[in-house]
Structures are given as structure tokens and as C-alpha cells.
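Biologist: Before I use the words in this description, I would like to understand what stands behind each of them. Could we take them one by one?

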Amino acid sequence: MLRVAVVGSGPAGLYTAEALIKQAALLPVPPAIKVDVIDRLPTPYGLVRYGVAPDHKSIKSVANYLRRVLESPDVRFVGGVSLGVDVTREELLAAYDAVVYATGAMRDRRLGIDGEDLPGSYAATDFVNWYCGHPDVDPDAFTLDAESVAVIGVGNVAVDVARILARDPAELEATDIPEPVMDALRASRVREVHVIGRRGPAQAKFTTKELRELGELAGVEVSVPAREFDLEGGFDRSGESATLAAADRRVRGNLVAMAGWSAAATAASAASDAPTGAAPAPDAPAPDATPARNLRLRFWLRPVEIEKSADGTVGGIRLERTRLTESGEFEGTGEFETIDVQMVLRSVGYQSVPLPGVPFDARTHTVPNVAGRVLSETGEPLPGEYVAGWLKRGPTGVIGTNKADAAETVQSLLADLAGGPAPGETALPRPGLLRMPRSAGTAEAAAAADLADAAVDTAVGLADAAGSAQDAAGAEAAAEVASEAWALAELLAARGVDHVSYEAWLRVSAAEEELARSLGRGDRVKLPHRDAVWSAARG
Ligand code: NAP
């Protein structure tokens, strides 16, 4: 029996569990396998549940796929157990053949400017956690009495928070947003949302689909100042923006989306400058006469200070104009602008946090690794320790990126557990149970994932795919599980830690569905308080 603990039940952790089962099933003699997926929260799915925006239902439906992983007979959910608090790294290593860390990136990056900690200045991560009903965040943590909000950063998280702030709350009723958060959104006084990039539109990190969605919001007028949108005559003397536009399809898509908003802004400004009664330009897009909210994309402006109002809260954001010089140097111009805002959301990227006892690179905010093998301070692979997802590679990519990433880590893990190196392989750190049919290697990881995908059908019902050897192993596993003392469960029980099983999570899920029915809101509404989640889990 191969026992693996995966720490983190978000996409990285659950794709890892899936890859473990799929890849192990393809071994010449498939081993019995048990994967315990441990999460500090009583609820599974991590970022899918607490990061993906509630109005992005199709992305959220990834949870349906991940649910099938959790429902595999070889996978067990162990919720409400925190590494470093309820169980140590050493205890996990003693209880399992291998441990995979997949805890994502939970903390915001900081701006490092004055005023960052004023009341009214928040990390976008906290705001996202709030509207996603994260149990760590008080549902009353935010009131939206600011009329004007600055969102710093031009990535997809900035787009998410700007959209939630600008969208008509009636369109959010059918989402899983907790009811107290919906109350705050219904009462929102926000009228202006400024999304601010320190570089230009070609350098923005948005993906085009997400960016375009801003232009589809009813009652929201999106604008980009023409001067900041100008790729050549504006603030980029280096030609980098034009080169990016020529070379990168995503950048081109983004620029097409923004071109319309820049033209509309120009037309609106020309109309307001024109003498009364002047006819609008014939091909100018008609600006929305009475937008409920304005969403202004701004570029080539870097925040230098969050200013304090008379009552000690956020009163404005001071920005310095930036540019790229002819030699490609990024610099401030010494020209400043202040925008009146009463709330600032810093959306400048996520960071992973160190796990107690686990090596961590404080510069990259990742666990040092080669192809998912955790490395010691001296650069040696540590026996039995692996990493996957954002903790492994940093906070980049979309949810699906974690699938190939997890496959690579699992490829390393199974190769290490083989009974010694095959000819041509480097020395492996740990003798073990299995022999992989292929040599391990970073370049082969994606191919291995494809192989696994092709050989096994879409979900995790692996026993069928692996034939009689697998059946025999399955029977052995069942017998072993039945007689096995489950080391982690015993340890937690002895410590009085009441972990949350998959069945207990299903009770939380049922309570959320019941709440949605009672409120007449969609198919699920998150329970508003941490205590409510725990008491639903306990039944
Ligand atoms: P991101 O894509 O890395 O964007 C971070 C933004 O912050 C960049 O515009 C960056 O500008 C800016 N920034 C960083 N430091 C700054 C500073 N000191 N001052 C001003 N601006 C600063 O990060 P993210 O938006 O947090 O997204 C994280 C990952 O999740 C991405 O891979 C994203 O695509 C993904 N995600 C996807 C979805 C979706 O698919 N719907 C939704 C949300 C998130 P520079 O480029 O100049 O550094």
C-alpha cells in the first residue's frame, strides 16, 4: 500500500491526488494506493471556492470535476487540520510514504508606500476572500460606502474585484455570495472604479476574455484615456509595446478590447468640449448617457502614496506618471496626479506563505524544488517531500495549469519510490516500492499526463482501466484499509482534533443549497460565518 498525504485541497492538491491514482494505475503492477487530502479549512476546493469570482460560474464548475477526485475510493478528505498546528511535518513524514505540499498562495504582495495601512486600504486578497465567503474573513469586514475606489494592478484579480464592485448587484443574486456580503453590495455607494497599471496597456497581465467582460456589464461605462492607450506616441519610447502587440496574441486581443473604450472616451471628451449643439463625430461610439458606474482603466501611473483624509481614512491616491525610455528603461517622469478615492484595493499579486519546517525560498516565495522534488538548503532532494501548484512555481497561470504541474510532481514522486535508478537516471533519493515504466524527467511530464489521460477515462474510476492486476491490488487495498490503523486519524483523535470528513463536508454543502432555496437565490449560498460552517459539518 502506497500512502500519500497531499496538503491542500485546492486545484493543485486535487489534481495531484488524481495524477497519483492515474499514474500509479499505469504501472506494470499497479500498487494499492491511498491518498489523504488534508486541508486546514473544513471545506474542500481551495481557490475554486474562495478565489474564483462568484459570477464566473463556468470556472467554478471545475469543482464538479474535482469532486469526482474526492469521491474516488482511494482518496480521503481530511478537513479542518492545519499543518504546523494540528500535525507537524515530521509526523506526516512518519505516517506516509510521501507528502505533497499544495497550499497555494494565500497572502497579498505589498506596495511598500506610505498610507498602505490606512483604514480603507485593503489587500485584494482580503476583499476576494470576503465576497467569496472565506471562513477566515468576517462577513461584515467591508462596507461599500466609498464613492470612488482605486484598484492597483492590471491582472485578472484586479479585473475580478473591479467587476464585482461595478456590476449591478441584482446580477449577483444567483451567485453563492454570502447574504451579509450581498447586503453590502446592494447598499454599495461605489460609482467610480479606477484600475491603475504602472506600465502600459500592452504590458497589462489581463487575459482577453476576462477583460472583454468589463465592456459587457450593463450600466457600466468603461474608458481608457487616449494618451495612455497610444502605443507609439505616448509613454513608450522604446517600441516595446508595439513589439508585444505584434508578437503576442493575448496582448493584441486586449488592445482590440481597449481600443473601443479609448475611442468612446475620446468621443465623450470631444462632445463635452464641443460648442453646444455641435453634432457628434459620425463614427463615434455613443457613450452611455447615464451610466450607473464608471470604470476607468488607467496606465503609466505608479502609486507613490495613499493619502489620508481629515478623518484619518483613505482620502486619495497619489500617482507618478511613468514611461519607457528609448533604451527601454522604466522610470518615473516627476509628473504627479492625485485621484480622490475613499478605498484602495491592492491587487499586485499573491505570495505563498512558508509551511512550518518546510524549506522556503524567501526571495521567490516558493518551496525550492526540481520537477516537484523539494530541495534542502544545500540543494539535495529531500526524501518523500514534494510540492505542487502555486507553492511550487509561484502565482501564475489559470486553474488548468495545475493539472500538468501536478502530473510532473507525481511523475517525480513515483519515480523516486521505484526500487532504484534505471540506467541513465540520476541517483534517486529514496528506495521504495515501485518501478516506473518510463524514466522520470521534466520534459516528459506533460507527455506522462497525456499518457495517463489517454489510458484512463475522464474521471478517476481507475480500477476498471487497470485490469485484473489492479483488481487484485484493489482487493488487497480494501483489506488493508479495513484492518489498518489510520495513523493520522489516531494522532488527531489523541490530540482532540475533530477533523472534517468528506461526508461532513457534504452536510455543509447541503446546508448551503438549503440556504439558497430559502432565500430564493440560485443553487448555493455560502454560510456566512465560520461557526455556521463548523456546526453544519458536525450535523
Ligand atoms: P498578476 O497577473 O501577476 O498581476 C499583478 C499586477 O500587479 C500586474 O499588473 C503588475 O504590474 C502589478 N504590480 C505588481 N507590483 C506592483 C507595484 N508595486 N505597483 C503597481 N503595480 C504592481 O497577478 P493577479 O492578478 O493576482 O493574478 C494571479 C494569477 O491568477 C494570474 O495568473 C491570473 O491570470 C490568475 N487569475 C485568473 C483568473 C481567471 O482566469 N479568470 C482570475 C483571477 C486570477 P507589472 O506587470 O508591471 O509587474
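The conversation below goes through the terms used for this chain.

Modeller: This is a predicted model, in which local features need pLDDT of at least 70 and side-chain atom pairs count only at pLDDT 80 or more, while totals for chains, interfaces and linings use all residues. Residues are numbered from 1 along each chain as its sequence is written, and side-chain values use heavy atoms, with hydrogens and water left out.

Biologist: What makes a stretch of the chain a helix or a strand, and how many helices and strands are there in the chain?

Modeller: Helices (H or I, at least four residues) and strands (E, at least two) are DSSP runs, numbered from the N terminus, and by that rule the chain has 20 helices and 18 strands.

Biologist: What can be said about how enclosed strand 8 is?

Modeller: Four of the five residues of strand 8 (residues 192-196) are buried, so strand 8 is largely enclosed by the rest of the structure. Across the chain of 539 residues, 51% count as buried.

Biologist: How do you know which strands pair with strand 8?

Modeller: Two strands pair if DSSP finds at least two bridges between them. Strand 7 (residues 148-152) and strand 8 are joined by five bridges in the parallel sense, and five bridges also join strand 8 to strand 10 (residues 293-298), again running parallel. Ile-196 is the bridge partner of Ile-152, and Ile-196 also stands opposite Arg-298 in strand 10.

Biologist: What makes strand 3 and strand 16 edge strands?

Modeller: They belong to an open sheet of seven strands with the order 3-2-1-4-18-17-16 and mixed pairing. Strand 3 (75-78) and strand 16 (369-370) each have a single partner strand, so one side of each is left without a neighbour in the sheet. Within this sheet, strand 1 (residues 2-7) and strand 2 (residues 33-38) pair in the parallel sense over six bridges, with Val-4 opposite Val-35.

Biologist: Why is helix 6 called oblique to helix 7?

Modeller: The axes, which are lines fitted to C-alpha atoms over the stretch in contact, with angles from 0 to 180 degrees between N-to-C directions, cross at roughly 50° for helix 6 (residues 124-131) and helix 7 (residues 156-166) and come within 11 Å. Angles under 35 degrees count as roughly parallel, over 145 as roughly antiparallel, 65 to 115 as roughly perpendicular and the rest as oblique, which makes helix 6 oblique to helix 7.

Biologist: Which residues of helix 6 and helix 7 meet?

Modeller: Contact means heavy atoms within 4.5 Å. Ala-124, Phe-127, Val-128 and Tyr-131 in helix 6 meet Val-157, Asp-160, Val-161, Ile-164 and Leu-165 in helix 7.

Methods
Buried < 20%, exposed > 50% of the residue type's maximum accessible area, 1.4 Å probe, protein only.
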